[in-house]
Amino acid sequence: MSELARLFCSTLPGTAAALEQLRGRLGADAAVTDAVRRLAHSLRGSGGTYGFAAISAAAAAVEDASAAELDAGVQSLLAEL
């Protein structure tokens, strides 16, 4: 595993914690939904860049999810992380 991939992996616990906190507040306001989608967008790109296709795919599903599908998508992404 490359050093950059290791660095990416080292950020995942913090990202997962942030997503978990935001997940508990989904539906509170649009800013929470936007924050979740921004994190997913970041994971989608970096997961693909560093060879973590499953993370990238799960993040893409969150980024593209409807409001009704968002919580389930975040749950799947957290499981992948």
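Let me start with a definition: when I say contact, I mean heavy atoms within 4.5 Å. Hi everyone, and please keep in mind that this is a predicted model.

I'd like to walk you along helix α2, residues 30-49. At 1.5 Å a residue, its 20 residues should span 28 Å, and the end C-alpha atoms are 29 Å apart, which agrees.

So which residues of α2 are buried? They are Val32, Ala35, Val36, Ala40, Leu43, Ser46 and Gly47. Looking down the axis of α2, you'd find these buried residues within an arc of 145 degrees, so they line one face of the helix. And what covers them? The cover includes α1 (3-23), α3 (53-64) and α4 (70-80). Over on the other side of α2, Ala30, Arg38 and Thr49 are exposed.

Now let's visit the two ends. At the start of α2, Asp29 has a side-chain oxygen that comes to within 2.9 Å of the backbone nitrogen of Ala31. Just after the helix, Gly51 takes a positive phi of about 90 degrees.

Last stop, Leu39, which also sits in α2.

Methods:
Residues are numbered from 1 along each chain as its sequence is written. This is a predicted model: local features need pLDDT of at least 70, side-chain atom pairs count only at pLDDT 80 or more; totals for chains, interfaces and linings use all residues. Side-chain values use heavy atoms; hydrogens and water are left out. Helices (H or I, at least four residues) and strands (E, at least two) are DSSP runs, numbered from the N terminus. The expected span of a helix is 1.5 Å times one less than its number of residues. Buried means under 20% relative accessible area, exposed over 50%, partly exposed in between (1.4 Å probe, protein chains only). The arc is that of the directions from the helix axis to the C-beta atoms. A polar contact is a pair of N or O atoms within 3.5 Å; within protein, one must be able to donate a hydrogen and the other to accept it, and residues adjacent in sequence count only if both atoms are side-chain atoms.
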